[in-house]
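Subject: Structure for you to look at

Hi,

Have a look at it first, then read on.

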Amino acid sequence: TLVELSDGSVGVVASVNSADRLRPIVLVYEEAEHGPDMRIVDLGNQAKLSILRMVEMSELAPAHLNRISPAEVLKFMLVAEVQPQSPRP
């Protein structure tokens, strides 16, 4: 599911939080100097962030469309050596 977070970022739900289904782990898409990039946001650890709404595929920029395929998400989760984002104060 594509979602928009309260900070305006857009991502795809990567994993459900069994303790609080409204606070899943989301892969957030960002523009970086070298092109589109992703970061993991664990909403269970981010009290100030929440899901605002579901996003339709047609709303995404063409550069992001290839990044959100199930294969790309799985590849990112299995290959990338990233840690969940630290909670913001």
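A residue is called buried here when its relative accessible area is under 20%, exposed when that value is over 50%, and partly exposed in between. By that cut-off E4 is buried, because its relative accessible area is 17%. Please keep in mind that this is a predicted model.

First, the overall picture. The protein has two helices and five strands, and along the sequence they follow the pattern β-β-β-β-β-α-α. Of the 89 residues, 33% are buried. The protein exposes about 5700 Å², and carbon and sulfur atoms supply 55% of that area. Among contacts between residues at least 6 apart in sequence, 49% join residues at least 24 apart.

On confidence, the average pLDDT is 78, and 70% of the residues score at least 70. Among the elements, β5 has the highest mean pLDDT, at 95, while helix α2 (residues 70–79) has the lowest, at 68.

Now to β1, where E4 sits. In a regular strand the side chains alternate between the two faces of the sheet. Both faces of β1 are covered: L2 and E4 are buried on one side, and V3 and L5 are buried on the other. β1 runs antiparallel to β2, with three bridges joining them, and it also pairs in the antiparallel sense with β5 (residues 51–54) over three bridges. V3 shows both pairings, standing opposite G11 in β2 and opposite M54 in β5. The hairpin of β1 and β2 has four residues between the strands, and G8 there takes a positive phi near 90°.

S6 is in the loop between β1 (2–5) and β2 (10–15). With a relative accessible area of 34%, S6 is partly exposed, because that value falls between the two cut-offs. Leaving aside neighbours within four places in sequence, S6 is in contact with K48, L49, S50 and L52. The C-alpha atoms of S6 and S50 are 5.4 Å apart, although 44 residues separate the two along the chain.

Which residues make up the largest nonpolar core? There are nine: L2, V12, L27, Y29, M38, I40, V55, L60 and V73. β3 (25–32) and β4 (35–42) each supply at least two residues of this core. A second, separate core has seven residues, among them V3, L5, V26 and V28. As for V12, its contacts beyond four places in sequence are T1, L2, I25, V26, L27, Y29 and V73.

Finally, the charged pairs: a search of the whole structure finds three salt bridges. E4 forms one with R53, the closest N and O atoms being 2.6 Å apart. E4 lies in strand β1 and R53 in strand β5, so this pair ties together parts that are 49 residues apart in sequence. R53 is partly exposed, at 35% relative accessibility. The side chains of R53 and E59 also meet in a salt bridge (2.8 Å, N to O), and E59 is partly exposed at 42%. Through shared partners, E4, R53 and E59 are joined into one network.

The remaining pair is R39 with D7, where the closest N and O atoms are 3.7 Å apart. R39 is in strand β4 and D7 in the loop between β1 and β2, 32 residues apart. R39 counts as buried at 17% relative accessibility, whereas D7 is partly exposed at 36%.

Best wishes

Key. Residues numbered from 1 in each chain as written. Predicted model: local features only at pLDDT ≥ 70, side-chain atom pairs only at ≥ 80, totals over all residues. Heavy atoms only, no water. Buried < 20%, exposed > 50% of the residue type's maximum accessible area, 1.4 Å probe, protein only. Contact = heavy atoms within 4.5 Å. Pairing = 2+ DSSP bridges. Areas by Shrake-Rupley, 256 points an atom, 1.4 Å probe, with all protein chains shown as cover. pLDDT = per-residue confidence, 0-100. Core = buried A, V, L, I, M, F, W, Y, C linked by side-chain atoms within 4.5 Å. Salt bridge = Lys/Arg side-chain N within 4 Å of Asp/Glu carboxyl O.
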